[in-house]
Amino acid sequence: MAIAVGREAAAGRDVERVILVSRQAGRLSSSSVPVVRRALDLTTRSSIEFRVGGSVALAGALTGGHRSSLVIGVEADSSDSAAAALIEEGDGLARSGEFERGAPAVHDPTGEDARFLRERVWRPAVPALLRGWTGAVVVAGLPARTGREITKTSSSAARIVDVPGAPAALFGIAAIRPDDGPARVLVGEEGSVIAIDVCGAGWTLRHYERPVAHPLPPAPPDADIPISVSGFERAFDSKIGLAAAVCECGAVSFPPRRHCLSCGAQGKTTPRALPRAATVYSVVTVRVPVPSKAIPYSIALVQLDDSAVRVLAPVTDVPGGSIAIGDRGRLVLRAIAVREGITDYGYAFQPEIRA
Amino acid sequence: MRSVAIVGAGMIPFGELYGLGMKDMLPMAVAEAIASVDNGIERPELQAAWFGQLGTTDGFPAGVLADSCGLLEIPITRVENQCATGNDALRNATFAVGAGAYDIVLVVGADKLKEGSTGRTFWNWMGMARDMAWDYPLGLIAPASFALHVARYMYEFGVTKEHLARVAVKNHSNALKNPKAHLRFPVTIEQVLAAPPVVDPFGVLDCCPQSDGAAALILASDEAAGRFTDRPVWIRGLGLGLDRVMHQHKADLTTFPATTRAAKQAYAMAGIAPRDVDVAEVHDCFSGVELMDYEDLGFCGRGEGGIFVESGATSLQGHVPVNPSGGLKAKGHPPGATGVAQCVELFEQLRGEAANQVPGARYALAHNVGGPTAVSAVTILEGPGE
């Protein structure tokens, strides 16, 4: 998910620095660095950094003064969402205020802790950070109802962006309309709320957003799914880059074959990125308990557009059992499994949302 | 190649055999096969053995067979070819006798799926059939691997879940009379359709059970066979077909090319056509797979599997009864034993001794397809005649 939005935001340009922010960044490890690099088609000159935190940490990355940075926010808990922005010269972003209290971390947006955050953090923070401000206002990172209630008394009508976690800051900025003029975005996470002022000139936000409306089943505890580290390494480039092997004779193989089935040549291949749009050729849904898998889960064999290649991929971002043969979608990078402590990434099929 | 006959056949009842280890099951099956030989056979007369086992329960398979059955003086080769293991063990043994290397040999098949938990078994067995880097972590468990085919097959040919259910109803009904079957209870179409889902489109009653079991055959050359019986069953055709191992590389999921390849070889070797088959034991690990088998084996045309089962053609009274033993679906499916046990059933069918006897059967066919739907074995047997 982070990779999908990152690719879109980077739009193929050379990026000096990638900052990936997530409340679950602790789940990432040093082995994730080459995955991000390969999946974003970056060179080894780019630095890649993971930061643990929510929307406030992401806002900090945005306004931290780095140029040519790709900032990605992603959450993959009960509220999957991701957003990314490419920061360039003259972006017109400035941190204009902050409000901080030592409130504890909570991840239950409906529980008692949410009430505590609303009363002790958001309610005092909003008037404090909007004092004297007459421009447009966006408040991001809190439930819509709470947001409406605490902004009732503010001077400007506030737009509420109801997305939790790190991507909230970017969704908040994305909610600014071209005719808004100067706008102030308040983003909050746990005990902190900060204000970012956005003046339209020069600010080019390339964003991609895809908050998922429904909760996905919780991931079960990781069972010990075996892995071959050498097998992982051999498959790495083609698996993370979704790259086929193209023989000198033109034959395409995926997963890549050393021996060309068309002309018989050995090892005369070059990698080529495959198209990501695809149509379901066949799909099954597993409903019986399988250790380390959240059920039900669907696995699809998808036919790539304008290609003879089919890919076997888990279906992602929709409940198991909700797609059929002929459905359209695209392949997106996902963590597929944790195997002996190693996160195994690969491509999953993300269906188009049907009306 | 000289002709080779089956002169003895036996199996233990399939099931959840918690009380029996591999070292108990093997001698029981071998003793049954020895006891079935009309004129008797002494264990030292066996000159070599082929042992089909997919797993390695309690370790080194060939050694466990030699040790548990007192066969230390003869060569034993373990055969592993996924779900085609049993029929491939028979195939290799037949060629050794046909070539003249041996006159009398033993074929054994066994596996023990209930030795571990069901969930653990999914991952363990996927490890034998999936690409470790690409496909293993996806959780394409065995029923899902076959369901990818059956889902597309149903989509292209308008085959319904009711058609699938008819296979389960037929095979459960056949197993009622088979004392060796794992699941001996009748089911209705309504029960099959209402059963808890496993992997769409399969409910639990569309799936074969995970079974423990062992089966054994005794083969003899044409010269030697007459010493043991006046009613040998002749091995006429053998085929082994393979296919692409990853579903990504299978061009058409509505057919199993491994089966068509194996069948083509076996029919050619036997010199018969599909219409000559009087009774068949085919691979029905999941209900819809039997419908695809009908087509791949040439019993009916492409896309006609659903109509074919509905017509009753494959029931005991039909013109090609399929799975009179109950099939994998109801008799059970310990993979190494499955193909051997199919031939135990067909040995009895062709000698007029089966529980669900098909009258006057002359040619019988055994078939497996398995692994990542990438290997198939077909065996064609002929009865002793008048």
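A: A:Leu20 stands opposite A:Phe50 in β2(A). The strands here are DSSP runs (E, at least two residues), numbered from the N terminus. Strand β1 (residues 17–22) of chain A pairs with β2(A) in the parallel sense, over 6 bridges. Pairing requires that DSSP finds at least two bridges between two strands. In general, strands of a sheet pair through backbone hydrogen bonds, either parallel or antiparallel.

This is a predicted model: local features need pLDDT of at least 70, side-chain atom pairs count only at pLDDT 80 or more, and totals for chains, interfaces and linings use all residues. Residues are numbered from 1 along each chain as its sequence is written, chains are lettered from A and ligands numbered from 1 in the order in which they are written, and side-chain values use heavy atoms, leaving out hydrogens and water.

The sheet is open, with 4 strands in the order β2-β1-β3-β4 (chain A) and mixed pairing. β2 (47–52) and β4 (81–87) of chain A are the edges; each has a single partner strand, so one side of each lacks a neighbour in the sheet. From one strand to the next, the twist averages 15°.

Helix α1 (residues 2–10) of chain A packs on this sheet. Helix α1 of chain A touches β1, β3 (69–75) and β4 of chain A, contact meaning heavy atoms within 4.5 Å. The direction of α1 makes about 30° with that of β4(A). Axes are lines fitted to C-alpha atoms, for helices over the stretch in contact; angles run from 0 to 180 degrees between N-to-C directions. A helix is a DSSP run (H or I) of at least four residues.

Chain A as a whole has 7 helices and 17 strands.
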